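Here is a friendly note for anyone opening this structure for the first time. The points can be read in order, with the viewer open alongside.

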Amino acid sequence: MTSDINKSFYDFISNGMPGPEQQTDVNNAILPARKAAFSRFRSLGLPTLKTEEWRYTNIQRYLKDAFTLAEEEQSTVTAEQLKGASIPKLDSYTAVLVNGRLQPALSQLPADGKITISKISDAAGNAQLQAWFDKHPHLQKQPFAALNAAFFADGLFIEAGVNASLDKPLHIIHVYTAAANAFIQPHHLVVLHKSATLEIIETAVGLNEAAIAFVNSVTEVVLEENAELWHYNVQSTIKNSRHIYHTSALQKADSRYHHFNFTLPAAELTRNNLSVALTGSNTETNLHGLFLATEQQHVDNHTFVDHQVAHCNSNELYKGVLLDNAKGVFTGKIMVHQDAQKTNAFQQNNNLLMSEKANINSQPQLEIYADDVKCSHGFTVGRFSEEALFYLRSRGIGEEAAKTLMVNAFAFDITDQVHIPALQEFLSDKIRRYVTGAINN
Amino acid sequence: MLTIKNLHAEVDGKKILKGLNLEIKAGEMHAIMGPNGAGKSSLASVLAGRENYTVTEGEVIFDGKNLLDMSPEDRAREGLFLAFQYPVEIPGVSNLNFLKTALNEIRTYHNLPAMEAKEFLKLTKEKQQMMDFNANLMNRSLNEGFSGGEKKRNEVFQMAMLDPKFAILDETDSGLDIDALRIVANGVNKLRGADKAFMVITHYQRLLDYIVPDFVHVLADGVIVKTGNKDLALELEEKGYDWLKEDVHQKESV
Amino acid sequence: MRNSNEIIDDIANKEYEFGFTTDIEMEMAPVGLNEDTIRYISAKKEEPEWLLQWRLKAFAAFQKMQWPSWQHFKMPELDLQKISYYAAPKKKSLKSLDEVDPEILATMEKLGIPLNEQKALTGVAVDVVFDSVSVATTFREKLAELGVIFCSFGEAVREHPELVKEYLGTVVPHSDNIFAALNAAVFSDGSFVYIPKGVRCPMELSTYFRINAENTGQFERTLIICDDNAYVSYLEGCTAPRRDENQLHAAVVELIALNHAEIKYSTVQNWYPGDKDGNGGIYNFVTKRGICKGNSSKISWTQVETGSAITWKYPSVILQGDDAEGEFYSVAVTRNKQIADTGTKIYHLGRNTRSRIISKGISAGTSDNTYRGLVQVGPRAANARNFTQCDSLLIGDRCGAHTFPYIESKNSTATVEHEATTSKIGEDQIFYLNQRGINTEQAVALIVNGYAKEVLNQLPMEFAVEAQKLLSITLEGSVG
């Protein structure tokens, strides 16, 4: 490694992080996987701007600070501090994680024999964990996923048995906190067995404005036949946080995966690697994304829908609203393999630039090797219509209200798909606040 | 002109036609009616040679030739025309260019020279007027962005241009308002002649007020269960098809 | 009835029409690539010192460069030491068309490009580049009356050095990419066009490229300058003989449009694509770029790509002037084992700049067809607008169609729209046409030509007909 940034990060990895061998606190069963991941990371190396997948996100500038490994700090976290991540009026079970570690005392977990919710470290002997941990094909080429698998501290393990379902959503609250700059690496695994159904909402809160929390997380999702998962991820934390999220789902026949991603202020970096591998036929995949970025935020969404077999349907709609100096990236790839005849795959990315200095880079990609398919993608970027704004103002609506109205209208296609009223209201409220905040800046 | 004997056909392994017999002579107008799923449109598809239909038994003789042995284009060149229930849209291919190609292919088949551009345009104009077809649609892409009515009128206009011996109108009246229906029917009537025959497939008796059939056949469950004159259509309008189904069942149980 | 596999096999077996060779005496540079090769070429062309130095600088840059790795295909191994970089028919400089080798005239007739001005297409002036050198340019005197310069690159260096010196390498620098650097080092000839202020060039200017010799590459360079308020439409066609080894074509085209000038550049590329097993064929690695330097200027690229084993080209437009306009219309057809990785790059720098990209890919056989495009809106490009549509049509289930657009917008007043679809030729469409008496092969030709119409419409009349025929022949009998 040549550059200083690389060097300091590598120094950190080799000195600051305990090697895979030292991570025995989690469980020995995973040690071979950790070692394999570490050698994978070494051969992949850290991405640079020349790495195609990272050409619009200069990750090195976010790595140059000195980091330590996050210490466990559950003792200091109080119910009061969770407020920032709670959703008013939401009736749900909750799982509170501090730096990736489940806190049963702060959580309200369902008492359902068919559904296991535990720490990864407590699921050591679980066959599903052994079978799926770090196995998703799309994670194999991602350096930060390899880094995570090699050194992760802990994470959440969710297993829903055959036909299992909950009477209300499971709300996972991620708390990130550290006294000094910390590199936090949770790794979660969600397995839904045949015909199981689950609704998961994730929110996050950062507690220390004074230190940088760099969160490099991986969530693996496995949907067995006919399983259905509604997965909402609301990314809204404090400014001094940097996130690389990997969400990789594997869908077997007849399964349905509905993923919602909301990236809201104020983390300075958010990189989402969302990928879905369709390995069984007749599946349905809906990926909805809304990113609203203000100030100096950098939001990068990479999605990959991998149609490996015939008769699968995927639908992707991502919308971006960029204010102030925010930078957005959208790279969406649809891959249709030769055997994936009768695929329907659609992708759309629409962006609204609200300020002179905001910018967006987009790469909607189609890679198709089958002929009897319907695939399309679309991209637009534009500014909100001055004429519409004028029209609203001439009817007596103030500029701020008018802009909020228009952003909400733009985001409606996404928020409208949210089937939990409390969550929908929570999101609309946040959008309103951020747009108003940005206008008043 | 057309003799259908004991025709059995299936699509995706499902039996659709189950021993259909029909004789159509030059100069005649035959109406085919029947409940949904009876096999009316399938009959049209089988006659025109749509690939996913498999004929398992029976024969169709068209002017002394075995129709079922011919490719779809040769059936067309021999003078069989199908006005589609759902005419397809082909982006970028102009109506005019398409018709010229079709017409000249048919002429070549009959050892006639290709039509001169001038002559072709004259013919086009003449048929446009005859069929009351909007000239603006000629330069547009084939059926692309046409309204339902425009598409159906385009089918009848093409029929006039290609001058077939035997035409099948597959629910050409569906979805048309009464004015459009009248125009389409007038067009068809102008094309009638002693050397031509028609098969009109329809759901609705009202079309037969404008195109008066010599025979009305009721197709149910893959066979013709009843044949009459235009009064049969009126009777069907009034009573529906259920009484005929009972008829069939009774016959079957005998 | 024949099934679709038989018909697809037919296309695969369809022979390349222009695969014959011409037997004439050639003068060739020794095989290999080093500084001496460059000095040899420069000396053969009796070039001034500055040009030799420019070539050497390019060669130095070339030697430091790596083969690209981002493309969507496996880069073949190219042994640049095994080819000859200069091949010219043995003949002294020509005073008139009558002095052109009769074999070459016959070849051109056979290719449908008569050089005899009486027989020539009215309204088209032709420059013919045979292997490394320009062998004939028609209608020169007539054009000269208007001040239009249309000649071989070599002549331009001799007779208009000030223009060449001012513009050469300003749009595609000598170190732009490895193929452009190679070209800058070893280019042998090409066409040069200058349209003076206020002149609307009355005829289509056309260059016809023919690779004939064995073990050569073709490295031509085209430079077109359109001065204020001038207009030119330029056409380019190409063929090559059928050979079992691959031949390299690494051309560079530079276009410069000044204030209110317009350049329309059309290509019908039909290099030998190789046989059905992927043996032989031209590697077409071309750098084409235009700059709309002046305000309200316009550059429009239209390409019909049917040949070459590998096509790798991205005709680009830099919209520097305010209110400038760039267009890219492309039809790329691949079959057998052909690979096309093509598209465009549009750089919006000036205010109110507009661009339009229409790309139609058609893949058959086991070929791979990729659209790769960049639309970049700079911070100064207020009110820039782009519309991109790229459609793919697949014929058969063993080919690939890919779309890789890059969109970078740094100005909030810009509007960028991108649409892409993938489809196959519908069985219902074929049946409909069959039912009207049109056979399946013709039906496919009709549908494909309809599909590509938006692009074909952009070609000048004479070329449009040729291109349509080419498409029909190339895809004869294909069924989805």
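Predicted model: local features only at pLDDT ≥ 70, side-chain atom pairs only at ≥ 80, totals over all residues.

**Notes for a first look**

1. Staying in chain B, have a look at helix H1 (residues 40-48). Is it enclosed or open? Here 9 of the 9 residues are buried, so the helix is largely enclosed by the rest of the structure. The buried residues run from B:Lys40 through to B:Ala48, and among them are B:Ser41, B:Leu43, B:Val46 and B:Leu47. After H1(B) comes B:Gly49, which has a positive phi, near 95°.

2. Next, follow chain B to where it touches chain C. The contact involves 22 residues of chain B and 18 residues of chain C. On the chain B side, at least two residues each come from helix H2 (72-77), strand E7 (90-94), helix H3 (95-109) and helix H5 (148-162). H3(B) gives the most, with 5 residues. By class, this side of chain B divides into 13 nonpolar, 5 polar and 4 charged residues.

3. Chain C also touches chain A, and this is worth a separate visit. How many residues of each chain are in contact? There are 32 residues of chain A and 29 residues of chain C. Strand E20 (359-368) and strand E21 (374-383) of chain A each supply at least two residues of the chain A side. The largest share, 10 residues, comes from E20(A). This side of chain A has 13 nonpolar, 13 polar and 6 charged residues.

4. E21(A) and strand E24 of chain C (residues 415-424) pair in the antiparallel sense over 7 bridges.

5. While in chain C, look at two of its helices. The axes of helix H3 (residues 49-64) and helix H8 (residues 178-186) of chain C come within 7 Å and cross at roughly 150°. The crossing of H3(C) and H8(C) is left-handed. Among the residues making the contact are C:Arg55, C:Phe59 and C:Phe62 of H3(C), and C:Ile178 and C:Leu182 of H8(C). The contact is made up of 9 nonpolar, no polar and 1 charged residues.

6. Helix H2 (residues 31-44) and helix H5 (residues 143-151) of chain A pack at an angle of about 150°, their axes 7 Å apart. H2(A) passes H5(A) in a left-handed crossing. H2(A) brings residues including A:Arg34, A:Phe38, A:Arg40 and A:Phe41, while H5(A) brings residues including A:Pro143 and A:Leu147. By class, this contact has 10 nonpolar, no polar and 2 charged residues.

7. Last, step back to chain A as a whole. Chain A has 8 helices and 21 strands. Its radius of gyration is 21 Å, close to the 22 Å that the globule rule gives for 441 residues, so chain A is as compact as a globular protein of that length. Along the principal axes, its C-alpha trace spans about 70 × 55 × 50 Å. Of the 441 residues of chain A, 51% count as buried. Among contacts in chain A between residues at least 6 apart in sequence, 85% join residues at least 24 apart.

Technical notes:
Residues numbered from 1 in each chain as written. Chains lettered and ligands numbered in written order. Helix = DSSP H or I, 4+ residues; strand = E, 2+ residues; numbered from the N terminus. Rg over C-alpha atoms; globule rule 2.2 N^0.38 Å. Buried ≥ 20, exposed ≤ 12 C-beta atoms within 10 Å, placed from the backbone. Contact = placed C-beta atoms within 7 Å. Nonpolar A, V, L, I, M, F, W, Y, C, P; charged D, E, K, R; others polar. Axes fitted to C-alpha atoms, helices over the stretch in contact; angles between N-to-C directions. Left-handed = near helix turned anticlockwise from the far one by under 90°. Pairing = 2+ DSSP bridges.
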